[in-house]
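Please read these comments with the coordinates open.

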Amino acid sequence: PGDLRVAAVDLGATSGRVMVAVVGPGRLDLAEVHRFPNGGVTAGGSLFWDVLGIHREVLAGLRTIAATGPLDGIGIDSWAVDHGLLDRDGVLLGNPYSHRDGRTRGVPEQVWQTVPAAELFARTGLQHLPFTTIYQLAAARGTAALESAQTLLLLPDLLGYWLTGEIGAERTNASTTGLYDATTGTWAVDLAARLGLPWSILPPLRDAGDRVGALLPDVAEVLGRTPDDAPVPVVAVGSHDTASAVVGVPAAGPGEEGERFAYISSGTWSLVGLELDAPVLTEAARAANFTNEAGIDGTVRYLKNVMGLWVLSQSVQTWERDGTRVDLPALLAEAAALPALRTVVDIDDASLLPPGDMPARIRALAAAAGEPEPRTPAEVARTIVDSLAVAYRRHLRAAAATADHPFDVVHVVGGGAHNTLLCQLTADALGVPVLAGPGEAAALGNVLVQARTLGADLPDLAAMRALLRATHDLRRHEPRTGADALDWDDAERRVRPGRPTTV
Ligand code: ADP
Ligand code: LRH
């Protein structure tokens with residue numbers, strides 16, 4: 001075909017965006033059409049997603065795109081794990097919970113009494129995270145919603161259902177549920193049955209690249225399409241945002257310099273790891289708490305969740321709530337001028353998972369570990385960034401060791417690619433170059449997979465990434481050595497978790 005014009009809906013936990021892209025030979029133009037804040041709503045003591053509000057914003061963005069040119073396809077990706085339940089009439093049963101809601105507290109331990117943690121890892125290949133879908137469903141046992149549920153839809157699939165009327169579970173996101181067998185690539189219905197979970201609610205699996213369906217007539221009308229216009233297909237992409245972000249890592253191709261890469265998908269969460277051909281289900285991988293999530297085209301995302309820039313953005317919210325206006329780039333510039341590694345904390349500590357006053361929690365962690373307590377916003381920001389770099393170092397080295405897969409370069413993608421201080425520290429900590437960008441890797445990965453389905457000549461990941469590299473500039477950070485070198489081993493030793501870590 002000629003150039004394709006597609007819409008990428010990329011929903012992050014901090015903001016949702018609807019982007020438009022034009023893809024053709026040597027061409028990959030991406031533009032933001034609509035961005036809206038996300039973050040959840042507390043009601044009745046629980047933390048929910050405002051999923052109808054998200055749907056409305058998605059429609060608004062799509063309508064703008066449809067009004068300004070041809071629309072050849074739509075793809076949706078979002079954060080993982082969270083889901084909605086439909087009743088037998090296909091109606092949503094209640095608001096989807098946020099994984100940061102406290103209802104799964106203590107639930108993993110109950111689940112392990114029936115299915116031991118080691119067995120769960122052997123089957124699903126997932127790191128332990130207290131909010132994985134399996135634990136959310138276990139927490140919901142006995143509720144009216146779960147008892148009435150006919151179908152479980154992960155959030156991108158729920159939004160796709162509202163566009164097309166089609167149900168299904170795209171595989172990259174299904175792999176994050178704890179109910180997906182990492183080896184066979186099918187639902188682990190036996191695990192669900194043993195836990196007394198209604199396994200029949202798990203919908204048929206679909207692959208990234210499958211066509212989901214055409215827009216429902218009422219949705220097409222909202223987008224301003226007439227019955228004479230060509231139908232617009234919704235295409236399943238790597239619907240887990242991290243899967244799309246990994247597609248959007250502009251890694252070098254086979255045989256090229258930099259082909260051995262690690263990545264950090266740096267957004268609300270930081271997802272740090274490797275792209276592999278097969279899962280690593282060894283005891284060493286389990287002990288190091290790595291996850292094997294499904295990537296596109298049969299790849300495996302061997303990675304770990306790091307608490308990420310969530311801690312910084314919640315700090316900013318805390319200061320702003322208390323009346324201090326914060327300009328993030330200015331704050332980071334101030335932090336960059338402070339001494340490095342003065343205070344480091346375990347950034348994966350469980351206390352940092354729920355929303356709230358992060359500066360106070362960071363100070364508490366520092367006090368418990370005998371580190372100097374950061375006081376000013378710049379000191380707190382510095383502690384967060386330094387502690388993230390320490391965590392990246394530890395986890396990427398462990399990933400390379402447990403997967404026997406060394407790397408020569410680290411790609412940082414997502415909003416955190418704009419954080420030059422963190423990117424430079426990551427290069428310093430790991431002693432390899434960091435290539436930063438693109439900031440919108442997930443949307444680009446979403447676009448590339450759609451474009452292939454719609455006929456673009458992008459047969460494999462290597463071709464997609466070659467197009468990315470040809471069309472996007474990256475920022476390179478060389479590791480500093482000599483007089484600038486910091487004592488990262490010492491910093492790692494000083495990180496003493498005050499409480500059990502979350503991730
Ligand atoms: P998500 O997709 O999870 O919503 P993003 O990938 O959009 O998250 O990343 C959001 C984060 O990126 C912000 O919390 C912020 O820390 C960081 N970020 C975005 N822009 C900048 C910038 N100009 N400078 C520094 N950090 C930035
Ligand atoms: C990042 C992400 C991550 C999941 C978490 C729930 O947005 O999808 O990969 O673990 O959100």
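Predicted model: local features only at pLDDT ≥ 70, side-chain atom pairs only at ≥ 80, totals over all residues.

1. Residues are numbered from 1 along each chain as its sequence is written, while chains are lettered from A and ligands numbered from 1 in the order in which they are written.

2. Ligand 1 has 17 residues around it, and Gly12, Thr14, Gly267, Thr268 and Gly415 come nearest. A residue is near a molecule or strand if its C-beta atom, placed from the backbone, lies within 6 Å of it. The shell holds six nonpolar, eleven polar and no charged residues. Here Ala, Val, Leu, Ile, Met, Phe, Trp, Tyr, Cys and Pro count as nonpolar, Asp, Glu, Lys and Arg as charged, and the others, Gly among them, as polar.

3. Helices α12 (310-321) and α13 (328-336) each supply at least two residues of the ligand 1 shell; α13 gives the most, with three. Helices (H or I, at least four residues) and strands (E, at least two) are DSSP runs, numbered from the N terminus.

4. Around ligand 2 there are 14 residues, with Trp79, Ala80, Val81, Thr242 and Trp269 the closest. By class, this shell has six nonpolar, seven polar and one charged.

5. An unreviewed UniProt entry places "domain: Carbohydrate kinase FGGY N-terminal" at residues 71-248. UniProt positions are in the numbering used here, feature names are shortened, and annotations may be inferred rather than shown by experiment. The chain over residues 71-248 is 34% helix and 14% strand, with the end C-alpha atoms 21 Å apart.

6. Seven strands form an open sheet with mixed pairing, in the order β15-β16-β14-β13-β17-β18-β19. Two strands pair if DSSP finds at least two bridges between them. β15 (291-294) and β19 (475-477) stand at the edges with a single partner strand each, so one side of each lacks a neighbour in the sheet. β15 pairs with β16 (residues 300-306) in the antiparallel sense over four bridges.

7. Which residues does valine 22 touch, not counting those up to four places away in sequence? They are Asp3, Arg5, Arg27 and Asp29, where contact means C-beta atoms, placed from the backbone, within 7 Å. Valine 22 is found in strand β2 (residues 15-24). Valine 22 counts as partly exposed because it has 18 C-beta neighbours inside 10 Å; 20 or more would be buried, and 12 or fewer exposed.

Key:
Contact = placed C-beta atoms within 7 Å.
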